[in-house]
Amino acid sequence: MRLILRIWRQKNRNTKGKFARYEVNDVNPDMSMLECLDVLNEDLARRGKEPVAFEHDCREGICGSCGFMINGVAHGPLSGTTVCQLTMRHFKDGEELILEPWRARAFPLVKDLAVDRNAFDRIIAAGGYISISTGSAPDGNAIPVSKERADAAMDAAQCIGCGACVAACPNASASLFTGAKITHLGLLPQGQPERDLRAVRMVTQMNLEQFGQCTNIGECVAVCPKLIPIEVIGRMNHDYIAGSMREPEAGEA
Ligand code: FES
């Protein structure tokens, strides 16, 4: 099949960008979107032109490195799928696709389709971990965890930090991401001792980065490749308010 790609080209964040039009022929319908870009880049390199920059690592939907907008939708038209797993058979022969980077102030552009998502790392570094000693691995039944709690924690743990939620949100809010990380650890027994501090510090850091506030629009959930539920945002707000009352100094650290 043949595809027309209109791709955002921008050397760096200090230069102006613009769309460039490319025709990619001999696209195999079983190729992923990233493999289609590989084909384009090989052709560009052969002709002495600058290849398109985009991020990737695992190409299996687990690392969260990849991601850009396809026709205005984060990760493209297929629900619950990253661009590295989006195969070309979901598009029509001769179709035109518009590829753009995530657009959010907190994700400054690096080049073409690649953006800097270090703001997510700083939110995690603020408290998205367990630092207390949990001892050696106890017997599986020694600390009972209800199935509902375990399922909710594991659902939240699916977040791969790709940034699609921020890119899709009209406010560029990082609430789904931060809520997923707070929920994942806050629902499990090992996460309890630092639960208040964690929520206050992570939300404080999120607010320090240039993300917008959540206004419950729900675009984040619609594009999340891991189908993180919106309830994690409610849990984040609950833990942040409760934590702020019990640890009023935590947000100033
Ligand atoms: S490259 Fe790892 S999730 Fe897409």
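Q: Where does Pro248 lie, and why is Pro248 called exposed?
A: In this predicted model, Pro248 sits in the segment after α8 (231-246). Its relative accessible area is 55%. The cut-off for exposed is over 50%, so Pro248 is exposed.

Q: How far apart are Pro248 and Met202 in sequence and in space?
A: Pro248 and Met202 are 46 residues apart along the sequence, with 14 Å from C-alpha to C-alpha.

Q: Why does Asp112 count as buried?
A: The relative accessibility of Asp112 is 2%. Buried means under 20%, so Asp112 counts as buried. Asp112 is placed in the loop between β6 (109-111) and β7 (114-115). Asp112 also has a positive phi, near 45°.

Q: What makes the pair Arg2 and Glu23 a salt bridge?
A: The closest N and O atoms of Arg2 and Glu23 are 3.2 Å apart. The rule asks for a side-chain nitrogen of Lys or Arg within 4 Å of a carboxyl oxygen of Asp or Glu, so the pair forms a salt bridge. Arg2 is in the segment before β1 (3-9) and Glu23 is in strand β2 (residues 18-24), so the pair ties together parts that are 21 residues apart in sequence.

Q: Why are Arg2 and Glu23 called partly exposed?
A: Arg2 has a relative accessible area of 33%, and Glu23 has 39%.

Q: Which residues are linked with Arg2 in a network of salt bridges?
A: The network links Arg2, Arg21 and Glu23. In total, the structure holds 15 salt bridges.

Q: How do you know that Arg122 and Glu209 form a salt bridge?
A: The N to O distance between the side chains of Arg122 and Glu209 is 2.7 Å. The limit is 4 Å, so the pair meets in a salt bridge. Arg122 lies in helix α2 (residues 118-127) and Glu209 in the loop between α6 (195-208) and α7 (219-223), so parts 87 residues apart in sequence are tied together by the pair.

Q: Why is Arg122 partly exposed, and why is Glu209 buried?
A: Arg122 is at 40% relative accessibility. Glu209 is at 12%. Buried means under 20%, so Glu209 counts as buried.

Q: What makes Asp239 and Arg195 a salt bridge, and which parts does the pair tie together?
A: The closest N and O atoms of Asp239 and Arg195 are 3.0 Å apart. With the limit at 4 Å, the pair is therefore a salt bridge. Asp239 is in helix α8 and Arg195 in helix α6, so the pair ties together parts that are 44 residues apart in sequence. Both Asp239 and Arg195 are buried.

Q: Why is Glu35 called partly exposed?
A: Glu35 has a relative accessible area of 35%. The value lies between 20% and 50%, so Glu35 is partly exposed. Glu35 lies in helix α1 (residues 33-46). Leaving aside neighbours within four places in sequence, Glu35 is in contact with Asp30 and Arg59.

Q: Why does Thr87 count as buried, and which residues does Thr87 touch?
A: Thr87 is at 13% relative accessibility. The cut-off is under 20%, so Thr87 counts as buried. Thr87 is in the loop between β4 (73-74) and β5 (96-100). Not counting residues up to four places away in sequence, Thr87 touches Pro29, Asp30, Met31 and Ser32.

Q: How many salt bridges and polar contacts are found between domain 1 and domain 2?
A: The domain assignment gives domain 1 (3-110) and domain 2 (118-252). Across their interface the rule finds zero salt bridges. Two residue pairs are in polar contact between domain 1 and domain 2. The two domains bury about 1300 Å² between them, 65% of it on carbon and sulfur atoms.

Methods
Residues numbered from 1 in each chain as written. Predicted model: local features only at pLDDT ≥ 70, side-chain atom pairs only at ≥ 80, totals over all residues. Heavy atoms only, no water. Domains from an automatic or database assignment. Buried area = accessible area lost by both parts, 1.4 Å probe. Polar contact = N/O pair within 3.5 Å; in protein donor to acceptor, adjacent residues only side chain to side chain. Helix = DSSP H or I, 4+ residues; strand = E, 2+ residues; numbered from the N terminus. Buried < 20%, exposed > 50% of the residue type's maximum accessible area, 1.4 Å probe, protein only. Contact = heavy atoms within 4.5 Å.
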